[in-house]
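Biologist: I am new to reading protein structures, and I would like to learn by asking. Could you take me through this one?

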Amino acid sequence: MTQKKFARLLKLIAVGLGIIGAVVYFFVLPSIGRDWASEEGFGGFFWPWLLFLWGTGIPCFAALFEFWGICTQINADNSFCEENAIKLKTISLLILGDVAYFFAGNVIFMTLSMNHPGIFLASLAIDVIGAAIGIAAAALSHLVYKAAALKSENDLTI
């Protein structure tokens, strides 16, 4: 697979993830929320939860934007550059910030009796997966930075 085909495939994946994310955040979550809100005792929780969940989408879409920039660098045959390392670090920080926000929100909703213990436990699993992805992005950022430094050093030699 050529560099340009690979970059196009990655951009296609980014667009697909963006579309799936938009469908989940703006159609699936409100639909599920309305179903749960119709059950007795959960009616007043719809908007706080929906606004909270929409807030989790902001870092996700920002990370996709950063990923698009990485794809652009890959397309330009500049995979191992300091800019990509910085973008991966930004993605890592966005993911870890989103995990912290999601965890804190679930704890707050739990203390306000606006959360079910089963939902809280499931959210902990999501937090662990998100933290693992954030740490992997940070490690990848470090490796890309090291590769960029080696590439720069190698480009200086005759």
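What follows is a set of questions and answers about this structure.

Modeller: Before you start, note that this is a predicted model, in which local features need pLDDT of at least 70, side-chain atom pairs count only at pLDDT 80 or more, and totals for chains, interfaces and linings use all residues. Residues are numbered from 1 along each chain as its sequence is written, and side-chain values use heavy atoms, with hydrogens and water left out.

Biologist: Thanks! How many aromatic pairs does a search of the whole structure find?

Modeller: Rings of Phe, Tyr and Trp (its six-membered ring) pair if their centres lie within 6.5 Å; planes under 30 degrees apart count as stacked, over 60 as edge-to-face and the rest as tilted. Searching the whole structure this way gives a total of 9 aromatic pairs.

Biologist: How are the planes of Phe46 and Trp47 arranged?

Modeller: The two ring centres are 5.1 Å apart. Their planes make an angle of 80 degrees, and the name for this pair is edge-to-face.

Biologist: Why is the pair of Trp49 and Phe52 edge-to-face, and about how far apart are these residues in helical turns?

Modeller: Their ring centres are 5.6 Å apart and the planes stand at 80 degrees, so this pair is edge-to-face. Helices (H or I, at least four residues) are DSSP runs, numbered from the N terminus. Trp49 and Phe52 sit 3 residues apart in helix 2 (residues 46-75), so the separation is about one helical turn.

Biologist: Are Trp49 and Phe52 buried or exposed?

Modeller: Buried means under 20% relative accessible area, exposed over 50%, and partly exposed in between (1.4 Å probe, protein chains only). Under that rule, Trp49 and Phe52 are both buried.

Biologist: Which residues do ring pairs link into a cluster with Trp49 and Phe52?

Modeller: The cluster is joined through ring pairs. Besides Trp49 and Phe52, its members are Tyr101, Phe102 and Phe109.

Biologist: Let's turn to Ser123. Which residues does Ser123 touch, not counting residues up to four places away in sequence?

Modeller: Ser123 belongs to helix 4 (residues 117-156), and its relative accessibility is 2%, so Ser123 counts as buried. Contact means heavy atoms within 4.5 Å. Leaving out residues up to four places away in sequence, Ser123 touches Phe102 and Asn106.

Biologist: Now for charges. Which side chains meet in a salt bridge?

Modeller: Side chains of opposite charge can pair when their charged atoms come close. A salt bridge is a side-chain nitrogen of Lys or Arg within 4 Å of a carboxyl oxygen of Asp or Glu. The count here is 1 salt bridge, and at 3.6 Å, N to O, it joins Lys87 and Glu66.

Biologist: How many residues apart in sequence are the parts that this pair ties together?

Modeller: Lys87 is buried at 16% relative accessibility, and Glu66 is buried at 15%. Lys87 lies in helix 3 (residues 82-111) and Glu66 in helix 2, so the pair ties together parts whose separation in sequence is 21 residues.

Biologist: Last one: what is the distance between the C-alpha atoms of Gly97 and Gly130?

Modeller: Gly97 is in helix 3, and with a relative accessible area of 38%, Gly97 is partly exposed. Gly97 and Gly130 are 33 residues apart along the chain, and their C-alpha atoms are separated by 9.8 Å.

Definitions and conventions
Helix = DSSP H or I, 4+ residues; strand = E, 2+ residues; numbered from the N terminus.
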